[in-house]
Amino acid sequence: MAVESIPAAPPVPARATRPPSFVTAAFRVFDLSLGQMLWSRRTIFLALVVSAPVILGLIVRILTSVGIGGSVRLGGSAVVAGPSIFGLFIWLLYLRFIIPVLGVFYGTSLIADEVEDKTITYLFTRPIARGAVVVGKYLAYLAATSLVVLPSVMILYFLVVPTGGGSLAAAFPALVKDLALLGIGLAVYGSLFAWVGAQFKYPLVTGLVFAFGWEQGIMVIPGYLKRFTIAYYIQGLVPHAMPQDSALSILQLVVRDSLSVPMSLFWLGFIFVLFLALAARAVSRREYVLEQ
Amino acid sequence: MTKRTRYFMIGSVGFLTLGLTVGLAAYYGGIRGFAEPAGPEELNYVPSDAAVVAFANVRQLMDSQFRQQVKGLESADHQKGQEELKNEIGIDIERDIDYVVACMLASPTATSTDARSGYVLARGNFDRPRIEAFIRDKGGVEQEYRGRKMFVHAEVAATATTGASHEMALTFIDSKKVVAFGTPAALHRVIDLQFADAQTVRANPEVMKLIGSVEPGNNAWVVGRFDVLSKQAHLPNEVTSQLPQVTWFSAGGHVNGGLNAVVAVQARDEEAAKNLQQVVAGFIALARMQASAKPELNAIAQSITLSNDTSNNTVAVTFTLPLAALDALKAAKTMLQEPK
């Protein structure tokens, strides 16, 4: 009986499972994290924070449209001139409060939330560099906050600038500068607090102490210590973004002791790169022990 | 990325893009009725090289309490002149003129011997046939430039020694709503601008930046190049050399219950700005010292504030003239007029 020989199946080549590159990995983490960040409970806080200036702007618009405040003047300039109010909102609400607050709450939680939820293991067991996780999550933070903060500034611009004889056209260059300034602020504060979140055990408290204790306090003390704040370098850019209006001369006195624009940009860039690299390094080297 | 996240991103980026597009469109020409560029519409009839541009909202000024108070200080001749204007050409300055825009044309290379040129644009309700008939009666000659009607009147100046004559011209721009009055050469430029043959002042970013900063909240303002003006001011060399190095100046005022005004000058550099600030501070101190004994002037002197914007080398002075100060001036005038 003839025995038919059955040919052996050709060996299946082992699939090459090359880990994705750093950039690809960072983009995948960004893709995953952006949705998580946007549709989390923290977004309610973000919406509340950024809607406050818009509501105030709406109140200003209503008051000026019914004629209240139209005659309020300081020196020769109308205090209620729209571009002046817009400049004040950007300076006092966004740059001194909203941007640091968002930096603290989102930046410190980039890694800390994963640790707290005990889900960091799922990220770290993937064949991707740990640094890519930090960078991807940081980019998601930057996109999520920018996509909410910048449109609110745009709404504020259209609400407030035309009041008190202000011109949308004349204030447009200031708007562009303000948007760029807010983007820089979000990037630099986010980078710093991403490192705080990766490095410290109680990152939120540390971040709040830095943003609203150290930064606010040291800025009013003469001397070189203010160079160890981010607000100092942001202030170096602010006078060029604020409307040159005599009603704001008091504020300009406060920000007079500031660096030149190129120097401010250089140091902000340096801080951004340094702390993002430190955050990536801290996450790469640290051993996370998840409490059971 | 989920569909919801994608829609959110598209919506947010779309809104930002839309806002920036509208702002950009407003910056480069404006969107009528929504996002118009700084300054009145008549800036479209002012050339880009205008040395001085001024604006006054005549209607607001005339209706203001301040104006009603000032009216009491005006001479009878002044009021008679207004009556004549009303009777002859039907223009009631108090009601018929909405606002005026004026400009002075001077090249940066012009010297004190060069002829000055400029014009005033007035928007309001004008009786065009009556005005034209009046000009013809007074010897005005009708001319045509690029198909536009223009009236030219040779006015012999009071300088009997030189016998020089100045020609003044008038043309209607927008049927009967806007009228331009000035030197014939300047009005030729206004007509050229209507044919888009030249750039308007809106294309001059320095002037528009100044207008944008001085216009909000003010019903009268002026901006201009100080260096060009000082060259044409027939000043002695000794004085010219002592003038601080000022490039631009601007002044704005809001007139209603009183007068709130701001005068700002931009120095050539930081050093010049510092020097200028010190000089002005000295004058303010002197004014306060002089006014301390006069209560009616003291309020004005105390309202003067000086500020220095180091980012663009600008020194600004703001002051307030309250209605009470005008009452005091009226009282002083009455005292002077009373027979001794």
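Modeller: B:Arg146 lies in the loop between strand E4 (141–145) and strand E5 (148–156) of chain B. Helices (H or I, at least four residues) and strands (E, at least two) are DSSP runs, numbered from the N terminus. The model is predicted, with local features requiring pLDDT of at least 70 and side-chain atom pairs pLDDT 80 or more, whereas totals for chains, interfaces and linings use all residues. Residues are numbered from 1 along each chain as its sequence is written, and chains are lettered from A and ligands numbered from 1 in the order in which they are written.

Colleague: What is the phi of B:Arg146, and is this residue buried or exposed?

Modeller: Although B:Arg146 is not a glycine, its phi is positive, at about 55 degrees. A residue is buried if 20 or more other C-beta atoms, placed from the backbone, lie within 10 Å of its own, exposed if 12 or fewer, and partly exposed in between. B:Arg146 has 11 other C-beta atoms within 10 Å and is therefore exposed.

Colleague: Where is B:Ser230 placed, and why does it count as partly exposed?

Modeller: B:Ser230 belongs to helix H8 (residues 226–231) of chain B. It is partly exposed because 14 other C-beta atoms lie within 10 Å. Its C-alpha atom is separated by 9.7 Å from that of B:Val246, 16 residues apart along the chain.

Colleague: How many helices and strands are there in chain B, and how many in chain A?

Modeller: Chain B has twelve helices and twelve strands, while chain A has twelve helices and two strands. Along its sequence, chain A reads α-α-β-β-α-α-α-α-α-α-α-α-α-α. Of the 340 residues in chain B, 31% are buried; of the 292 residues in chain A, 47% are buried.

Colleague: What share of the contacts in chain A joins residues at least 24 apart?

Modeller: Two residues are in contact if their C-beta atoms, placed from the backbone, lie within 7 Å. In chain A, 85% of the contacts between residues at least 6 apart in sequence join residues at least 24 apart. In chain B, residues 24 or more positions apart account for 61% of the contacts with a separation of 6 or more. A:Leu58 counts as partly exposed because it has 15 C-beta neighbours inside 10 Å.

Colleague: How is the packing of two helices described?

Modeller: Two packed helices are described by the angle and the distance between their axes. Axes are lines fitted to C-alpha atoms, for helices over the stretch in contact, and angles run from 0 to 180 degrees between N-to-C directions. Under 35 degrees counts as roughly parallel, over 145 as roughly antiparallel, 65 to 115 as roughly perpendicular and the rest as oblique.

Colleague: At roughly what angle do the axes of helix H3 (residues 82–107) and helix H6 (residues 130–160) of chain A cross?

Modeller: The axes of H3(A) and H6(A) cross at roughly 165 degrees and come within 11 Å. H3(A) is therefore roughly antiparallel to H6(A). The contact includes A:Phe86, A:Phe89 and A:Ile98 of H3(A) and A:Val149, A:Val153 and A:Val160 of H6(A). By class, it has 13 nonpolar (Ala, Val, Leu, Ile, Met, Phe, Trp, Tyr, Cys and Pro), three polar (the others, Gly among them) and no charged (Asp, Glu, Lys and Arg) residues.

Colleague: How do helix H1 (residues 22–38) of chain A and H6(A) cross?

Modeller: Their axes come within 7 Å and cross at roughly 45 degrees, which means that H1(A) is oblique to H6(A). This contact has 17 nonpolar, three polar and two charged residues.

Colleague: How do helix H4 (residues 109–116) of chain A and H7(A) compare in direction?

Modeller: The axes of H4(A) and H7(A) come within 7 Å and cross at roughly 30 degrees, so the two helices are roughly parallel to each other. A:Ser109, A:Leu110, A:Ile111 and A:Ala112 of H4(A) meet A:Ala194, A:Gly197 and A:Ala198 of H7(A).

Colleague: Which residues touch the most other members of the largest nonpolar core?

Modeller: A nonpolar core is a set of buried Ala, Val, Leu, Ile, Met, Phe, Trp, Tyr and Cys residues joined through C-beta atoms within 7 Å. In the largest one, of 150 residues, A:Val134, A:Ala194 and A:Ala279 touch the most other members. Helix H7 (residues 168–199) of chain A gives the most to this core, with 21 residues. Not counting residues up to four places away in sequence, A:Ala194 touches residues including A:Leu110, A:Val134, A:Phe275 and A:Ala279.
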